[in-house]
Amino acid sequence: MRHIISIKEFEKEDIDALLDRARAIDAGNYDRHALEDRILGVLFFEPSTRTRMSFEAAMARLGGKSIDMGGVETSSVVKGETLADTVRVVSGYADAIVLRHPKEGAARLATEFSSVPVINAGDGAGQHPSQTLIDLYTIRQAMPIDGTDVGLLGDLRYGRTAHSLAYALTNYDVTIHTLAPESLEMPPNVIEDLRERGVEVVEHTDIAEFAHNLDVMYVTRIQRERFPDMASYYAVASSYRVTPELLSGARERMIVLHPLPRVDEIDPRVDALPHARYFQQARNGIPIRMALLQEVMG
Amino acid sequence: MSEPPKSLQISPIRNGTVIDHIPAGEAFNVLRILGITRATKETLSIATNVASAKAGRKDIVKIENRELKKEEVDRIALIAPQATINIIRNYLVFDKKGVQIPKLLHGVVKCPNPGCISNTNEPIQSRFEVTKKGLHCLYCDWYLTEDIAGHII
Ligand SMILES: Nc1ncnc2c1ncn2[C@@H]1O[C@H](COP(=O)(O)OP(=O)(O)OP(=O)(O)O)[C@@H](O)[C@H]1O
Ligand SMILES: [Mg+2]
Ligand SMILES: [Zn+2]
């Protein structure tokens with residue numbers, strides 16, 4: 001039984017095979033009845049409309065059905081049922097479970113109690129492997145991943161998507177560049193880990209120098225809650241904002257990604273530039289999740 | 001001039017356990033691991049900061065009529081990796097063993113990450129693998145590197 005819990009558990013060959021499968025799906029090469037009679041149990045313990053919709057859409061495109069537990073407010077969770085019990089029960093109804101939970105390690109726990117495959121759709125500040133696969137897929141649509149300079153911008157301390165992507169990129173021959181506001185830098189142990197896995201990590205302090213030497217710019221959200229007041233948030237947010245002016249000196253093939261929703265990090269005027277790939281990235285959620293669902297239930 | 005006494009005599013125990021070569025200052029954490037936190041019926045002697053031939057200062061804990069369980073020894077290993085466990089039978093050292101930190105720790109330490117699923121009411125025990133970077137939580141991926149004694153369950 002194959003669970004999808006953390007991108008760290010993927011070998012390079014697994015990743016490449018999945019991305020290849022997604023590309024075939026994107027080109028229309030898939031069986032619309034592949035998961036007919038299959039049921040996906042959708043367990044979302046915190047709201048995440050997009051991730052949830054894209055899993056349900058992916059399931060529907062393969063001919064399968066989804067069931068869910070309704071909102072957390074109406075479910076047995078309010079009665080104090082443990083996640084372990086919920087998972088045990090729902091794995092008796094469904095052929096796979098997709099789980100979103102506020103606690104880190106929740107998906108790993110679920111695998112201990114589930115009799116069907118579990119797909120982690122985000123556990124707290126922890127892992128969100130399908131997002132990382134979407135990010136890699138979007139890069140690969142634009143250029144081969146090997147040989148790229150990938151820049152991570154924004155909250156690199158708490159931003160789990162940036163960490164997961166960085167770990168996944170250690171499977172490839174890339175240079176990782178980082179730029180983060182003070183106190184939101186990538187933790188030293190993560191940087192050390194990345195270097196141990198063989199990638200070069202370059203830490204930047206100048207946004208223009210950062211932006212002009214990249215093939216991929218991965219922008220993440222800087223959360224207002226991390227700042228003592230609005231003024232200090234705006235001061236930081238405005239100095240890390242991606243604008244057409246900033247991108248005028250960028251490499252021609254450079255692409256801008258963002259896991260969305262964005263707030264102030266990317267000027268809406270960037271949307272019209274050929275660099276902007278974040279909406280395409282969001283659309284890529286469907287073929288990637290179709291490939292994952294087939295991987296665990298096919 | 002009279003000779004100072006060679007050492008402060010602690011009366012020997014007939015049967016029990018002597019935990020020797022505990023790092024100086026860790027004896028009380030060892031007692032906590034053994035569940036000895038306040039008045040106890042066991043005859044107990046604790047020596048802290050005594051001179052050790054092997055390394056500077058050490059602590060020693062001697063408990064009458066008690067042999068340690070594996071879970072207890074595993075926990076002691078975390079804070080006193082050089083400890084020697086001597087089993088005393090009829091006043092003599094009957095058996096002497098070092099301690100070894102197990103590769104996997106089940107329900108031994110509490111995860112330092114407040115957001116970890118292992119710190120909730122789920123029916124699981126914490127699970128850590130022992131690595132050179134510290135104790136690695138197999139649920140949330142955090143590392144426990146400091147104050148391990150304070151996280152022992
Ligand atoms: N009957 C006893 N009652 C209390 N303590 C004892 C008794 N017998 C031995 N010990 C203590 O147990 C420890 C181990 O005794 P042992 O005679 O093996 O000493 P050792 O040769 O110094 O051992 P090591 O090489 O482990 O330091 C010592 O700290 C000793 O004081
Ligand atoms: Mg000795
Ligand atoms: Zn943990």
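Let's start with one contact: a polar side-chain atom of Lys62(B) lies 3.1 Å from a nitrogen atom of ligand 1. Keep in mind that this is a predicted model.

| Residue | Part of the residue | Distance to a nitrogen atom of ligand 1 |
|---|---|---|
| Lys62(B) | polar side-chain atom | 3.1 Å |
| Tyr91(B) | backbone N or O atom | 2.9 Å |
| Ile13(B) | polar backbone atom | 2.8 Å |

How much of ligand 1 does the protein cover? On its own, ligand 1 has 630 Å² of accessible area, and the protein covers 62% of it. Within chain B, the elements giving two or more residues to the shell are β1 (16–23), β4 (84–89) and β5 (92–98). In total, 13 residues surround ligand 1, and His21(B) and Lys96(B) are among the closest. Sorted by class, this shell holds 6 nonpolar, 3 polar and 4 charged residues.

Now let's move to chain A and look at a pair of helices. Two packed helices are described by the angle between their axes and the distance between the axes. For helix α2 (residues 49–61) and helix α12 (residues 285–297) of chain A, the axes come within 8 Å and cross at roughly 60°. The crossing of α2(A) and α12(A) is right-handed.

Definitions and conventions. Residues are numbered from 1 along each chain as its sequence is written. Chains are lettered from A and ligands numbered from 1 in the order in which they are written. This is a predicted model: local features need pLDDT of at least 70, side-chain atom pairs count only at pLDDT 80 or more; totals for chains, interfaces and linings use all residues. Side-chain values use heavy atoms; hydrogens and water are left out. A residue is near a molecule or strand if one of its heavy atoms lies within 4 Å of it. A polar contact is a pair of N or O atoms within 3.5 Å; within protein, one must be able to donate a hydrogen and the other to accept it, and residues adjacent in sequence count only if both atoms are side-chain atoms. Accessible areas come from the Shrake-Rupley method with a 1.4 Å probe; for residues, only the protein chains shown count as cover. Helices (H or I, at least four residues) and strands (E, at least two) are DSSP runs, numbered from the N terminus. Ala, Val, Leu, Ile, Met, Phe, Trp, Tyr, Cys and Pro count as nonpolar, Asp, Glu, Lys and Arg as charged, and the others, Gly among them, as polar. Axes are lines fitted to C-alpha atoms, for helices over the stretch in contact, and angles run from 0 to 180 degrees between N-to-C directions. A crossing is left-handed if the near helix is turned anticlockwise from the far one by less than a right angle, and right-handed if clockwise.
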